[in-house]
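Okay, thanks for coming, everyone.

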Amino acid sequence: MKERAAIILAAGQGTRMKSALPKVLHKIGGRPMLDWSIALARKVGCTRIVTVVSKDSDALSAHVLKALGDGSVAVQDPPMGTGHAVQAAHSNIQGFDGHVIVLYGDTPLISPASVEALFESLDAGAKVGVLGFEAATPGAYGRLVTNDEGDLEKIVEAKEATPEELAIQLCNSGVMAVRSGDLFQLLDDVTNDNAKGEYYLTDIVGLARKSGGRCAVVRCPENEVMGVNSKAELARAEAVFQAGRRQDMLDAGVTLTGPETVFFSFDTEIEPDVIVEPNVVFAPNVHVMKGATIRAFSHLEGAIVREDAEVGPYARLRPGADIGRGARIGNFVEVKKTRVGDGAKANHLAYLGDGFIGANANIGAGTIFCNYDGFLKYETRIGEGAFVGSNSALVAPVSVGDGAIVGSGSVITDDVTAGALAVGRGRQIEKQGWAEAFRSRKRAEKKAKG
Ligand code: UD1
Ligand code: MG
């Protein structure tokens, strides 16, 4: 197989997003759009990945450098069209000899299969392979003009198209595969003699045809190549992603009682025989193991829920929450960076942060792990089978031994020995007849005042 490289175009202004955040860093399924393109390039085996950015896009350049390392940023200054953008990446892939895929940073939902098919079109002899789609509303998309064999003759931008060409529904997604040698050779001949005064990447198709090359179209569903230019399009792409992921989950044996109300991230991992009730949000990095139930209105992020555990309704799992087999996290319980042992229970109204809860321990309603002193965080450890009474504050660092009991309403500041009872609260007192004496004194005072 030929070596593969990807050039991701992301130097556009993205002004229609009306945002201080660079367009391609807006997220779909919890992952920045640019990272979708990077992940796609990696999935199809690209060994070199270059992202083209405009100058003055420090946040974007920093993001690319972090994701891809030195040599991965190409600056296009000033942006003068998609062809010009690809040329800006030339020096980054100097010495590379293989197949190049051009991707956009704002088109996150392309499948690896589509890109694979484009590379295959090169193997089958095409000089340029273009990913096309039947557009419901072709609008401003470039039109793919094909010949009787179904091969591509040229791409015309909507602004340059004749009425007949505008009637074509087969449109250019922007994604193309070309051999590295051909790509830069063809680009040398592209001019900016057109309606926009830009160097169009799309012109390489007509140029390749002129030199006798064959150009192929690979078709994909329109949903895959939705470009994002505005918040409305971002929301639409998100909806497409979510619809696809819900279907994948159902196909994989996950029960979703209200699929359209459940939101997934790009990396959500749910095993078969998990039940997810309505209105649940899976933020990134969640793994739910088989037999578990995620009840309605729960929010999970960076969490593991092990076999047969039950979470919610109305629970919040934050990064580092690790819910053991058969454990139970109930309503209005927040868990952060805490391992909850197998069979342990925290059924109502609790904050469990920076902790370790042993197997089968019981955490009463209103329990708080006081993990933070305003400067640093500290750990709370609850032993196996321990019982923490309702409305207790455990001031970390502190530990409760195996099987110990903490009396309700305690503020626990010292470690509790295994098997002991610890009570840390004011002792109850009782004054016989005090209530009636109080009332008659107050009645008299009120009467005296008239
Ligand atoms: C382009 C295609 C069009 C296709 C459409 C699909 C060309 C000439 N036209 O049009 O055929 O149907 O995409 O969405 O290629 N970019 C740069 N530098 C530039 C210009 C653009 O990096 O100088 C990047 C943008 O950030 C974006 C991508 O290239 O990621 C596409 O640019 P855009 O201006 O949206 O192209 P379209 O006019 O939509
Ligand atoms: Mg566009």
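This is a predicted model: local features need pLDDT of at least 70, side-chain atom pairs count only at pLDDT 80 or more; totals for chains, interfaces and linings use all residues.

P78 is in the loop between β5 (73–76) and α3.

While we're on backbone geometry, which residues other than glycine have a positive phi? N279 is one, with phi near 60 degrees, and D308 is another, with phi near 65 degrees. N279 belongs to the loop between β14 (275–276) and β15 (281–282), where its relative accessible area of 32% makes it partly exposed. D308 is in the loop between β19 (304–305) and β20.

Now the ligand. Which residues come nearest to ligand 1? Out of 20 residues around it, those are Q76, G81, T82, E157 and N172. By type, the shell splits into 9 nonpolar, 8 polar and 3 charged residues.

As for polar contacts, T82 has a polar side-chain atom 2.7 Å from a ligand oxygen. Y104 also uses its side chain, with an N or O atom 3.1 Å from an oxygen of ligand 1. L9 does it through the backbone: an N or O atom there is 3.1 Å from a ligand oxygen. Taken alone, ligand 1 would expose 750 Å², and the protein buries 84% of that. The elements giving two or more residues to the shell are α3 (82–88) and β10 (170–179).

Over to the strands. Is β11 enclosed or open? Strand β11, residues 215–219, has 4 of its 5 residues buried, so the rest of the structure largely encloses it. Its pairing with β7 (residues 128–134) is parallel and runs over 5 bridges. Within that pairing, V130 faces V217 of β11.

Next, the aromatics. How many aromatic pairs does the structure hold? There are 7. Take W36 and F266: the ring centres are 6.4 Å apart and the planes are at 70 degrees, and since anything over 60 counts as edge-to-face, that's what we call this pair. W36 is in helix α1 (residues 33–43) and F266 in the loop between β12 (255–256) and β13 (269–270), so the pair ties together parts 230 residues apart in sequence. W36 is buried at 12% relative accessible area, whereas F266, at 24%, is partly exposed.

Compare Y314 and F332, with centres 5.2 Å apart and planes at 20 degrees, so that pair is stacked. Y314 is in the loop between β20 (310–311) and β21 (316–317), F332 is in strand β23 (residues 328–340), and they are 18 residues apart. Y314 is partly exposed, at 37% relative accessible area. Going back to W36 and F266, ring pairs link them with F241 into a cluster.

M249 is buried, with a relative accessible area of 6%. Its C-alpha is 9.3 Å from that of P259, 10 residues away in sequence.

That's my tour; over to you.

Definitions and conventions:
Residues are numbered from 1 along each chain as its sequence is written. Chains are lettered from A and ligands numbered from 1 in the order in which they are written. Side-chain values use heavy atoms; hydrogens and water are left out. A residue is near a molecule or strand if one of its heavy atoms lies within 4 Å of it. A polar contact is a pair of N or O atoms within 3.5 Å; within protein, one must be able to donate a hydrogen and the other to accept it, and residues adjacent in sequence count only if both atoms are side-chain atoms. Accessible areas come from the Shrake-Rupley method with a 1.4 Å probe; for residues, only the protein chains shown count as cover. Ala, Val, Leu, Ile, Met, Phe, Trp, Tyr, Cys and Pro count as nonpolar, Asp, Glu, Lys and Arg as charged, and the others, Gly among them, as polar. Buried means under 20% relative accessible area, exposed over 50%, partly exposed in between (1.4 Å probe, protein chains only). Two strands pair if DSSP finds at least two bridges between them. Rings of Phe, Tyr and Trp (its six-membered ring) pair if their centres lie within 6.5 Å; planes under 30 degrees apart count as stacked, over 60 as edge-to-face and the rest as tilted.
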